[in-house]
Amino acid sequence: MNFFCKLIAPRPTFTQDMSPEEAQLMQEHAAYWKEWMTRGNVLGFGLVADPDGAFGMGVVNFDSPADARAFADGDPTIRSHRGFAMEVHPMPFGFVRS
(Lines give C-alpha, C1' and ligand atoms only; values in the text may rest on other atoms or scores of the structure.)
Protein backbone atom coordinates (compact mmCIF):
# COMPACT_ATOMS: atom_id res chain seq x y z
CA MET A 1 0.00 0.00 0.00
CA ASN A 2 1.18 3.52 -0.73
CA PHE A 3 0.93 6.32 1.82
CA PHE A 4 1.43 10.08 1.70
CA CYS A 5 3.42 11.42 4.64
CA LYS A 6 3.44 15.07 5.63
CA LEU A 7 6.05 16.35 8.08
CA ILE A 8 4.87 19.47 9.86
CA ALA A 9 7.57 21.63 11.42
CA PRO A 10 7.21 23.15 14.88
CA ARG A 11 6.68 26.65 13.41
CA PRO A 12 5.88 28.15 9.98
CA THR A 13 9.25 29.95 9.82
CA PHE A 14 11.26 26.79 10.51
CA THR A 15 13.09 26.69 7.16
CA GLN A 16 14.24 30.30 7.60
CA ASP A 17 15.23 30.27 11.26
CA MET A 18 16.19 26.74 12.28
CA SER A 19 18.92 26.47 14.88
CA PRO A 20 22.18 24.58 14.27
CA GLU A 21 20.78 21.72 16.38
CA GLU A 22 17.62 21.64 14.25
CA ALA A 23 19.73 21.68 11.07
CA GLN A 24 21.58 18.62 12.36
CA LEU A 25 18.24 16.97 13.14
CA MET A 26 17.12 17.62 9.55
CA GLN A 27 20.28 15.91 8.27
CA GLU A 28 19.41 12.88 10.42
CA HIS A 29 15.84 13.01 9.07
CA ALA A 30 17.11 12.99 5.45
CA ALA A 31 19.49 10.11 6.18
CA TYR A 32 16.63 8.10 7.72
CA TRP A 33 14.45 8.57 4.63
CA LYS A 34 17.36 7.79 2.28
CA GLU A 35 18.04 4.57 4.18
CA TRP A 36 14.43 3.46 3.75
CA MET A 37 14.61 4.49 0.10
CA THR A 38 17.44 2.00 -0.44
CA ARG A 39 15.19 -0.65 1.16
CA GLY A 40 12.51 0.17 -1.41
CA ASN A 41 9.91 1.56 1.00
CA VAL A 42 10.37 5.26 0.24
CA LEU A 43 9.32 6.15 -3.29
CA GLY A 44 10.16 9.85 -3.04
CA PHE A 45 10.44 12.69 -0.55
CA GLY A 46 11.30 16.37 -0.33
CA LEU A 47 10.44 19.85 0.84
CA VAL A 48 7.29 21.65 -0.29
CA ALA A 49 7.71 25.45 -0.35
CA ASP A 50 4.20 26.36 0.77
CA PRO A 51 4.00 30.13 1.37
CA ASP A 52 1.97 29.45 4.52
CA GLY A 53 4.79 27.31 5.91
CA ALA A 54 7.03 24.81 4.21
CA PHE A 55 6.50 21.14 4.98
CA GLY A 56 8.12 17.84 4.16
CA MET A 57 6.37 15.25 2.04
CA GLY A 58 7.03 11.69 1.11
CA VAL A 59 5.36 8.78 -0.61
CA VAL A 60 6.08 5.45 1.01
CA ASN A 61 5.07 1.85 0.47
CA PHE A 62 4.36 -0.49 3.40
CA ASP A 63 2.21 -3.58 3.89
CA SER A 64 -0.15 -1.92 6.36
CA PRO A 65 -1.13 1.40 7.90
CA ALA A 66 0.49 0.24 11.15
CA ASP A 67 3.81 -0.32 9.35
CA ALA A 68 3.62 3.13 7.73
CA ARG A 69 2.84 4.71 11.11
CA ALA A 70 5.75 2.86 12.74
CA PHE A 71 8.07 4.17 10.02
CA ALA A 72 6.81 7.73 10.59
CA ASP A 73 7.14 7.41 14.36
CA GLY A 74 10.75 6.23 13.89
CA ASP A 75 11.72 9.42 12.07
CA PRO A 76 14.36 11.33 14.07
CA THR A 77 12.27 14.51 13.93
CA ILE A 78 9.36 12.75 15.66
CA ARG A 79 11.55 10.93 18.17
CA SER A 80 13.21 14.26 19.07
CA HIS A 81 9.99 15.53 20.73
CA ARG A 82 10.77 19.04 19.42
CA GLY A 83 7.28 19.85 18.16
CA PHE A 84 7.28 18.08 14.78
CA ALA A 85 4.24 16.10 13.65
CA MET A 86 3.87 13.52 10.89
CA GLU A 87 0.57 12.88 9.15
CA VAL A 88 0.23 9.54 7.34
CA HIS A 89 -2.56 9.10 4.78
CA PRO A 90 -3.37 6.05 2.61
CA MET A 91 -3.18 6.57 -1.14
CA PRO A 92 -5.76 4.19 -2.59
CA PHE A 93 -4.90 5.30 -6.14
CA GLY A 94 -1.69 6.51 -7.68
CA PHE A 95 0.99 5.77 -10.19
CA VAL A 96 4.74 5.46 -9.79
CA ARG A 97 7.17 5.57 -12.67
CA SER A 98 9.20 2.38 -12.83
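Is Phe45 buried, partly exposed or exposed, and what is its relative accessible area? Phe45 is partly exposed, with a relative accessible area of 28%, where buried means under 20%, exposed over 50% and partly exposed in between (1.4 Å probe, protein chains only). The model is a predicted one, in which local features need pLDDT of at least 70 and side-chain atom pairs count only at pLDDT 80 or more, while totals for chains, interfaces and linings use all residues. Residues are numbered from 1 along each chain as its sequence is written, and side-chain values use heavy atoms, with hydrogens and water left out.

Eight aromatic pairs were found in a search of the whole structure; rings of Phe, Tyr and Trp (its six-membered ring) pair if their centres lie within 6.5 Å, and planes under 30 degrees apart count as stacked, over 60 as edge-to-face and the rest as tilted. The ring centres of Tyr32 and Phe71 lie 5.2 Å apart with planes at 15°, so this pair is stacked. Tyr32 belongs to helix α2 and Phe71 to helix α3, and the pair links parts of the chain 39 residues apart; helices (H or I, at least four residues) and strands (E, at least two) are DSSP runs, numbered from the N terminus. Both Tyr32 and Phe71 are buried. For Trp33 and Phe45, the ring centres are 5.6 Å apart and the planes stand at 45°, so the pair is tilted. This pair joins helix α2, which holds Trp33, to strand β2, which holds Phe45. Trp33 counts as buried, at 3% relative accessibility. Ring pairs link Tyr32, Trp33, Trp36, Phe45, Phe62 and Phe71 into a cluster.

In soluble globular proteins, nonpolar side chains tend to be buried together. Leaving aside neighbours within four places in sequence, Phe84 is in contact (heavy atoms within 4.5 Å) with residues including Leu7, Phe14 and Met26.

The lining of the largest pocket divides into 16 nonpolar, five polar and one charged residues; Ala, Val, Leu, Ile, Met, Phe, Trp, Tyr, Cys and Pro count as nonpolar, Asp, Glu, Lys and Arg as charged, and the others, Gly among them, as polar.
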